[in-house]
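Q: I would like to learn how to read the salt bridges of a structure. Could you take me through the general idea and then the particular cases?

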Amino acid sequence: MFELLFLLLPLAAAYGFYMGRNSYKDTHARSKTEQTNKYLHGVDFLLNNDKEKAMDEFIAYLDSEHPSFESTLALGNLFRQRGEVDRAISLHTTLAHNEHLEPYECELAQIELACDFMSAGLLDRAEELLQFIVEIPRQRPAAAKLLVKLYEQERDFSRAIAVGLEHKDILGADNLLRLSHYYCELCQQALVTSNFKEAKSHLSAALNLHPSSVRVRLLQAEVLLKELQENPASLSASAIAEASAASEALKNHQGANTTAMAMTAAAAASTVNALAMPPKVLRQLLKLVSEIATLDPSTGIFCLEILKRCFVNKADPRYREALSELVTKTHSAAATVELCLNVAQNSSRDDAEFMLLNAIKERPNIKLFSTYMGMRAQDLHHEHESEVILQLKSIVDAQIARTNHYHCSHCGFDSSMMFWQCPSCRSWDSIRPQQSLDSD
């Protein structure tokens with residue numbers, strides 16, 4: 001009997017091994033099922049735009065008992081995105097100093113650690129780390145890009161430009177756009193101290209990097225206008241001579257026909273304006289406005305502001321001509337309104353109303369409609385009807401004032417102000433004026 005029990009021992013051991021193995025398989029299967037469910041729940045929350053819950057599920061999915069390098073790296077990134085930077089730093093530091101990892105894996109962990117430091121505002125530590133990593137050839141593109149962003153975050157645009165130019169061969173076209181904006185930022189800093197020579201130098205460098213930049217041309221116009229404003233003695237002798245000649249021409253044409261006198265009067269108006277704006281400068285500014293409108297039709301409202309500052313005398317025929325060209329190129333509602341008001345004031349209100357009606361039919365816009373109501377209110381002889389129209393106009397104007405006129409094409413951020421760098425996603429040159437029914 002005892003021998004029989006002894007012979008059954010191997011069978012019992014085999015049975016125990018079999019049951020234990022099945023138990024392990026069941027436990028492992030349940031664990032895998034739970035992990036899969038967490039992942040699927042995370043995807044479901046993400047699809048339903050519930051980012052917080054999605055992030056919780058993904059963190060639970062990645063935080064397994066035996067995490068891989070990739071999952072730990074991703075887990076640290078999720079912590080950083082959720083604002084738990086201390087946990088991200090801890091995870092990525094552990095990976096970066098793990099002697100059992102491959103060298104390139106430690107390098108990737110160091111790059112993520114630099115991102116953690118930047119998110120935490122520890123820019124000195126991030127800079128020290130990135131300056132080390134950028135010397136590693138295979139990590140040079142990622143480290144150089146982060147180093148440029150770090151100096152941008154510090155608003156040290158000179159160093160950002162230096163790094164960007166040093167690694168220009170690997171950073172691509174987007175880097176050139178970014179560097180041109182850095183030069184523009186330096187230009188604006190120079191304008192604060194009225195250092196026009198330095199401002200122009202920065203703009204020249206920006207234009208070399210990004211020849212089709214709208215911002216550079218807008219700043220070129222700003223530099224010219226501010227320089228003229230602060231140095232009125234820069235009026236050219238030729239402009240003064242032109243004004244004197246036109247004045248003499250007026251005297252000599254007193255006996256001439258009406259057409260000739262009208263032409264001379266227009267010339268006189270132009271030369272009066274030339275005293276405030278030298279012809280050479282005016283030609284430069286009008287050329288810049290034309291280039292800006294051609295490059296980006298959505299910038300009509302900026303071009304209009306330049307034209308208004310160019311012409312002190314709004315009766316100058318060249319002002320109306322420039323407005324007409326701007327309207328043709330940009331279809332800007334603001335420019336159309338200014339053109340129609342100019343026609344109403346200096347020519348014929350009927351012509352102005354006719355132009356407005358045609359513009360409304362071609363491109364319906366609330367600004368145009370508001371201006372038309374204002375003109376019609378002036379034509380009405382009945383005080384009550386005029387008051388009703390003006391009340392309606394005030395309601396429309398209030399709606400226009402509440403509208404966010406600028407929109408980021410990258411992240412959808414809306415703003416009532418213009419920014420060259422989106423405050424939300426920090427991308428450059430992505431915010432543009434909206435062209436819509438209640439915008440420009």
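Q: Which residue forms a salt bridge with Asp156?

A: Side chains of opposite charge can pair when their charged atoms come close. A salt bridge is a side-chain nitrogen of Lys or Arg within 4 Å of a carboxyl oxygen of Asp or Glu. Here Asp156 pairs with Arg159, with 4.0 Å between the closest N and O atoms. This is a predicted model, in which local features need pLDDT of at least 70 and side-chain atom pairs count only at pLDDT 80 or more, while totals for chains, interfaces and linings use all residues. Residues are numbered from 1 along each chain as its sequence is written, and side-chain values use heavy atoms, with hydrogens and water left out.

Q: Which parts does the pair of Glu291 and Arg217 tie together?

A: Their side chains meet in a salt bridge at 2.8 Å, N to O. Because Glu291 lies in helix α15 (residues 279-295) and Arg217 in helix α12 (residues 214-230), the pair ties together parts that are 74 residues apart in sequence; helices (H or I, at least four residues) and strands (E, at least two) are DSSP runs, numbered from the N terminus. Glu291 is partly exposed at 27%, whereas Arg217 is buried at 11%.

Q: How many salt bridges does a search of the whole structure find?

A: The search finds 21 salt bridges.

Terms used: Buried < 20%, exposed > 50% of the residue type's maximum accessible area, 1.4 Å probe, protein only.
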